[in-house]
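Please look over the sequence and the structure before turning to the points below.

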Amino acid sequence: MATCISHSPAETEALAETWGRTAPSGLVIGLCGDLGAGKTQLVKGLARGLGITARVHSPTFALVNIYAGGRLALFHLDLYRLETRDQILAAGLAEYLEPPGVTVIEWAERWFGEMRSISPQDMTQTSQLEKPVERASLQSPAKCLRWVRFDTLSETERRITYEDISA
């Protein structure tokens, strides 16, 4: 698990830009954090690192924005308007867990639960998760899952904690 402190949106974007330069096809990134914590800023940087020049914005009402034209396609999901795992699955979003590119999921805890420690086993279950998920209980068709947690430290500072879990 790695942790960094971002002092600005530009620093958050720069971190994600480095991720985008080396991201493998099939990568799924789950983002958790409060409103305004920097989730969409991270996606903007990731898109830039993938070579995507389109304007990136949160797909809150559309649920999914797809960006092509880079080294890999970027599938940007926002689950803010969906409250349960069953609603998410009913929306047909499970296909994005095996992307022909990179998938980023804002509000990922609504799908997978709050995770203190994670592993790729449980993403395909259909029942609602009520309690924190432990590492051994996640199942994912994703080749690699990166779980990212944003904690607001001040008006400008964010602690970004992330962990990669390979299948």
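Among contacts in the protein between residues at least 6 apart in sequence, what percentage join residues at least 24 apart? The share is 59%. The model under discussion is a predicted one, and the points that follow are grouped by topic.

**Overall architecture**

- The protein contains four helices and seven strands.
- Read from the N terminus, its elements follow the order β-α-β-α-β-β-α-β-α-β-β.
- The protein has 167 residues, and buried residues make up 50% of them.
- Its accessible surface is about 7,800 Å², and carbon and sulfur atoms account for 50% of that area.

**The pairing of helices α1 and α2**

- Two packed helices are described by the angle between their axes and the distance between the axes.
- Helix α1 covers residues 9-22 and helix α2 covers residues 39-50; their axes come within 6 Å and cross at roughly 40°.
- Because of this angle, α1 is oblique to α2.
- The crossing in which α1 passes α2 is right-handed.
- On the α1 side, the contact is made by Pro9, Thr12, Glu13, Ala14, Ala16, Glu17, Trp19, Gly20 and Arg21.
- On the α2 side, it is made by Gln41, Leu42, Lys44, Gly45, Leu46, Arg48, Gly49 and Leu50.
- The residues of this contact comprise seven nonpolar, five polar and five charged.

**Thr40 in helix α2**

- Thr40 belongs to helix α2.
- Apart from neighbours within four places in sequence, Thr40 is in contact with His57, Ser58 and Glu106.
- Thr40 and Pro59 are 19 residues apart along the chain, and their C-alpha atoms are separated by 9.6 Å.

**Residues with positive phi**

- Leu63 is a residue other than glycine, yet its phi is positive, near 75°.
- The position of Leu63 is in the loop between α2 and β3, a strand of residues 64-67.
- Leu63 counts as buried because its relative accessibility is 18%, and the cut-off for buried is under 20%.
- Trp107, which is not a glycine either, has a positive phi of about 65°.
- The loop that holds Trp107 runs between β5 (101-106) and α4 (109-112).
- With a relative accessibility of 9%, Trp107 also counts as buried.

**Phe75 in strand β4**

- Phe75 is part of strand β4, which covers residues 73-78.
- The relative accessible area of Phe75 is 9%, so this residue is buried.
- Not counting residues up to four places away in sequence, Phe75 touches Asn65, Ile66, Tyr96, Pro99, Pro100, Gly101, Val102, Thr103 and Val104.
- From C-alpha to C-alpha, Phe75 and Ile105 are 8.4 Å apart in space, while 30 residues apart in sequence.

**Arg110 in helix α4**

- Arg110 lies in helix α4.
- Is Arg110 buried or partly exposed? Its relative accessibility is 24%, so Arg110 counts as partly exposed.
- Beyond its neighbours within four places in sequence, Arg110 is in contact with Leu79, Tyr80, Arg81, Leu82, Glu83, Thr84, Arg85 and Ile88.
- Leu82, one of these contacts, is 28 residues from Arg110 in sequence and 7.7 Å from it in space, C-alpha to C-alpha.

How values were computed
Residues are numbered from 1 along each chain as its sequence is written. This is a predicted model: local features need pLDDT of at least 70, side-chain atom pairs count only at pLDDT 80 or more; totals for chains, interfaces and linings use all residues. Side-chain values use heavy atoms; hydrogens and water are left out. Axes are lines fitted to C-alpha atoms, for helices over the stretch in contact, and angles run from 0 to 180 degrees between N-to-C directions. Helices (H or I, at least four residues) and strands (E, at least two) are DSSP runs, numbered from the N terminus. Angles under 35 degrees count as roughly parallel, over 145 as roughly antiparallel, 65 to 115 as roughly perpendicular and the rest as oblique. A crossing is left-handed if the near helix is turned anticlockwise from the far one by less than a right angle, and right-handed if clockwise. Contact means heavy atoms within 4.5 Å. Ala, Val, Leu, Ile, Met, Phe, Trp, Tyr, Cys and Pro count as nonpolar, Asp, Glu, Lys and Arg as charged, and the others, Gly among them, as polar. Buried means under 20% relative accessible area, exposed over 50%, partly exposed in between (1.4 Å probe, protein chains only). Accessible areas come from the Shrake-Rupley method with a 1.4 Å probe; for residues, only the protein chains shown count as cover.
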